[in-house]
Amino acid sequence: MFYFLMLIGFFIRLLLIPFSGFKADIAFWKGWGLAVADKGILWLAENTNYNYPPGFAYVLFLINKIYKLFADPYNIESYWSDGNLLYLFLFKIIFIAADIGIVYLLIKISKLITQKKKNNQKISKWVLFLPLFYFLNPASFFDGAHWGQVDQFGLLLFLLVIFFLIKEKITEASVIFSLSYMMKFQNIIFIPLFYLFVWKKYSLAKMIDSLKWSALTLLIINLPFLISKRADLLIKLLTINNNYFPFYSLYAFNFWWILSGLDGMKIYDTNLIFGITTARNFSVMLFSFFYALVVLLIIKSKKENLMKNFLLSATALVFFFFHLLTQSHERYLYHVLGLLPLLFLFYLQDDKYKDRRLFIFYWLVSAVFFLNLYLTMFFNYPDQVLWFFDQQQTRLFTLYLSYLNIGLFGYFLVKFFLPEIIDEKIYLTGLIIIFFTGLIYKNLDYILKKPIYLTSIPPYSFSQDYMTPTYNKNLNSFLNPFNFGRISSNYYFYKQAIASHTNSAIIYNLGGKFSRFKSDFGIETEADANAEAFFIVEADGRQIFRSEKKGHFDKPSTVDLKIDNVKQLVLKIQRVGSSNYGHHADWLNPVLISY
């Protein structure tokens with residue numbers, strides 16, 4: 001029966017290969033694969049919008065090299081066709097193979113877990129059954145074989161890490177772990193957890209040894225960047241996704257999706273939600289708080305319960321990553337499909353956990369996750385799915401899915417995670433105090449109604465002719481750190497300033513929390529001698545200030561404006577003349593005054 005069901009799951013995946021899937025993702029794979037195969041990984045990193053870690057580039061390289069054996073990738077019409085069956089097959093078959101590898105590892109890990117249990121008869125019958133939960137899961141074959149995504153790689157490698165940890169092969173685990181987040185960057189959330197486990201299970205010396213093997217692995221993977229002395233490109237790849245999509249939710253049906261009004265990719269997470277704390281910063285604080293609970297769980301674990309708590313912590317981190325952070329993708333819950341079956345092996349032998357309830361929980365999580373993926377595809381490529389409601393009706397449906405998702409997350413916390421740490425009342429109280437102290441400290445000036453520098457608040461969005469705004473340093477520092485200099489206008493120096501290039505518009509969502517805006521303004525000292533500009537302030541779409549023309553040799557001027565109940569403040573610098581060469585202009589000591 002096991003092999004028959006595996007065969008069914010395999011054929012379902014084969015039938016899904018011809019689907020174009022998420023066309024933008026497939027197009028990226030094609031473009032990046034062609035670039036790395038023809039020009040190499042350095043050219044890829046420098047000249048394209050590649051935003052994955054280096055390891056995945058080697059996979060794309062391999063796919064395109066194989067593709068060239070059977071077809072011409074320079075035939076634009078066939079290669080870039082959404083229905084390019086050869087490319088879809090070569091790409092998707094790798095991740096179908098990864099799915100089979102995941103099942104194999106789930107079986108091997110399950111056997112190792114049951115062998116270590118004294119009363120293993122009750123759970124040994126699930127060794128073959130639970131891995132099928134993953135392989136026959138609609139979310140697993142939709143994400144890979146239909147969509148064309150690569151989350152299977154991240155899960156496969158992380159399960160291999162768990163396998164080596166149980167086998168007590170720490171060197172192999174360290175190498176594979178480093179490879180895992182160089183292949184799929186979401187695995188970085190497990191970095192502190194992994195090394196904490198090694199330290200707790202063995203010793204500080206063993207953890208340091210593990211770090212050495214990890215560092216060596218990273219060195220080998222990234223050797224092309226280091227040999228070519230282009231570590232800057234490596235840093236770019238490793239940091240490019242920070243704030244890449246600065247929105248409440250990237251179709252993850254969670255708390256932030258609801259707050260966005262069911263349209264997460266239209267609401268920037270730079271909105272102020274608590275005093276001057278942005279949604280993004282608050283979400284990071286929340287995630288950090290719950291990560292501290294994970295650290296607490298591992299530190300307090302006894303060695304006999306350490307692997308169970310490691311799996312529990314890893315599963316919790318996936319839930320936290322999906323639910324607590326802004327900018328979360330709809331796919332970021334994927335790892336729970338493989339981690340929950342392993343975790344359940346530790347609970348199935350406990351009489352207070354009913355088998356039926358565990359399985360119902362798993363399939364509810366899977367069903368909601370599948371619908372999250374399915375409806376994301378509908379919103380973007382409705383021709384790729386069968387759905388019977390329009391977009392407006394479907395958005396309302398996502399509200400109920402979000403509530404259900406949050407409810408399942410809450411159930412996981414209450415039923416599985418919190419009972420393991422609830423007795424640590426002193427530590428829990430301390431963490432809660434630290435969290436709220438940090439939140440209050442961040443907003444202390446706002447609470448005390450002191451002037452708040454606008455430089456401390458991220459803009460909602462911005463645009464300008466050249467470069468991007470810089471804060472508390474000259475504009476040329478954007479080009480190169482060695483160009484760093486103090487910011488000044490006509491040699492009047494300022495510690496707090498926003499340096500910009502005409503024509504610019506910097507937008508702040510203030511939420512009606514401030515009564516006045518005050519700032520000096522002028523042309524930057526290092527600007528071109530012919531630079532001239534107008535400085536403009538808009539409030540909720542209304543122009544409330546426009547300066548006289550300011551030139552390079554003019555002294556800074558001051559503006560002091562009432563902004564009662566203003567929700568959106570826009571600072572504009574308008575160029576004078578046709579040339580934009582060296583038109584650097586600054587808002588100097590910009591402050592907001594609260595009520």
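Mentor: Two residues are in contact, or touch, when they have heavy atoms within 4.5 Å of each other. Keep in mind that this is a predicted model, where local features need pLDDT of at least 70, side-chain atom pairs count only at pLDDT 80 or more, and totals for chains, interfaces and linings use all residues. Residues are numbered from 1 along each chain as its sequence is written, and side-chain values use heavy atoms, with hydrogens and water left out.

Let's go to His 329, which lies in strand β4 (residues 328-329); strands (E, at least two residues) and helices (H or I, at least four) are DSSP runs, numbered from the N terminus. His 329 has a relative accessible area of 17%, so it counts as buried (under 20%; exposed is over 50%, partly exposed in between, with a 1.4 Å probe and protein chains only). Skip residues up to four places away in sequence, and what His 329 touches is Phe 245, Leu 250, Ala 252 and Phe 322.

Now hop to Ser 500 in strand β10 (residues 497-501). Ser 500 is buried too, at 0% relative accessibility. Again leaving out neighbours within four places, its contacts include Gln 464, Leu 475, Ile 506 and Ile 573, along with His 583 and His 584. The C-alpha atom of Ser 500 is 6.8 Å from that of Thr 470, though the two are 30 residues apart along the chain.

For contrast, look at Lys 111 in helix α6 (residues 85-115): Lys 111 is partly exposed, with a relative accessible area of 42%.
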